[in-house]
Amino acid sequence: MTGLSGPRVTIKDVAARAGVSKGAVSLAFNHKPGLSEATRDRIFRAARELGWAPNLTARTLAGSRVDVVGLAVCRPARMLGLEPFYMEFVSGVESVLTEHSCSLLLRLVRTVEEEAGLQESWWRGRQIGGSILVDFRADDPRVAVARRLGMPVVAVGHPSLTGGLTSVWTDDATAVTEAVRYLAALGHRRIARVGGAAALGHTAIRTAAFDEAARALELAGALQVATDFSGDAGARATRSLLTAAPADRPTAIVYDNDIMAVAGLSVAAEMGLRVPEEVSLLAWDDSQLCRLTHPTLSAMSHDVHGFGAEVARTLFGVITGDGPGSHPVPTPVLTPRGSTAPPKV
């Protein structure tokens with residue numbers, strides 16, 4: 001059992017700081033009865049002050065079973081039900097949990113701070129054996145909670161956002177760069193991006209990569225609009241972009257998910273603009289939605305189901321101590337279809 005930094009800290013040190021026995025510390029961290037809430041809080045406070053957390057592998061070998069894995073998502077319920085990404089991601093997670101006779105505890109939250117409290121409540125109440133954390137922000141409060149509790153987690157996000165937690169991620173920067181280069185190679189000079197929520201870390205990574213690619217290609221007409229990922233917001237952003245004067249109107253638009261791209265296709269039809277002759281559209285994620293439209297949507301494709309499965313496998317590796325550690329999954333690849341073409345001269 002080790003501290004997070006500095007000299008080696010043991011359970012004996014925590015017991016001495018809290019004025020209890022080592023057995024009491026073990027009871028507190030294993031969420032067993034026999035202690036008052038005041039004593040429990042004193043033990044947890046002492047552990048926090050010393051930077052100590054119980055060894056996860058030792059707890060697992062001592063007989064802890066993982067029956068439930070937690071996943072909290074900070075999205076409105078209606079929107080989550082419409083978003084193919086999370087449905088495919090969860091199905092991938094479930095495919096691995098089933099192999100381990102394990103269930104998924106899914107909760108929707110309003111803020112990341114609410115989730116941080118929820119994760120702590122789940123762990124202290126022995127409701128979960130580990131958790132999957134998604135949609136990271138800069139200075140995300142869940143990092144400190146997971147480390148303080150010694151809770152086994154996998155962070156779905158770039159390591160620059162996840163504070164040293166075991167992470168699995170897609171290379172969003174490379175994928176965005178490929179998308180911009182592809183459209184520029186077709187001859188587009190006015191390229192727009194309808195992005196996701198600005199507070200999300202992966203949105204910030206995509207935004208920076210888009211700007212950098214546009215500068216490198218000297219695309220003076222490149223611009224970006226932030227949204228909440230919903231179809232309504234994607235439609236509004238598209239309408240705003242396409243009502244610009246013809247000399248300023250983008251000839252190609254990249255969307256951060258497929259729902260917004262489908263909404264953008266509808267807006268183009270509403271405005272009498274032909275796709276791809278007058279405006280090219282490129283989606284992200286490449287769900288079945290992209291293949292059901294007319295024209296079919298070009299997309300940055302990746303195996304979202306496989307992504308979820310890999311995240312779940314990595315979490316079980318964290319719990320047992322023999323996993324692969326932090327690693328990326330394959331970068332999304334461009335799949336051209338009927339919605340992209342050279343711009344009309």
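Where is Asp135 found? Asp135 is in the loop between β3 (130–133) and α8 (141–149). Before going on, please note that this is a predicted model.

I will talk about the backbone at a few places. As background, most residues other than glycine have a negative phi, and most peptide bonds are trans. The places I picked depart from that in one way or the other.

Let me stay with Asp135. Its phi is near 55 degrees, which is positive, and the residue is not a glycine. Is Asp135 buried or exposed? Its relative accessible area is 8%, and buried means under 20%, so Asp135 is buried.

The next residue is Asp285, also an aspartate with a positive phi, in this case about 85 degrees. Asp285 is found in strand β9, which covers residues 280–285. As for accessibility, Asp285 has a relative value of 8% and therefore counts as buried.

Now the peptide bonds. Which residue is joined to Pro276 by a cis peptide bond? That residue is Val275, and omega of the bond is near 10 degrees. Pro276 lies in a loop, with α12 (258–270) on one side and β9 (280–285) on the other. Strand β9 is the one that holds Asp285.

There is another cis bond to show, from His294 to Pro295, where omega is near -5 degrees. Pro295 is placed in the loop that runs between α13 (289–292) and β10 (298–301).

Key
Residues numbered from 1 in each chain as written. Predicted model: local features only at pLDDT ≥ 70, side-chain atom pairs only at ≥ 80, totals over all residues. Heavy atoms only, no water. Helix = DSSP H or I, 4+ residues; strand = E, 2+ residues; numbered from the N terminus. Buried < 20%, exposed > 50% of the residue type's maximum accessible area, 1.4 Å probe, protein only.
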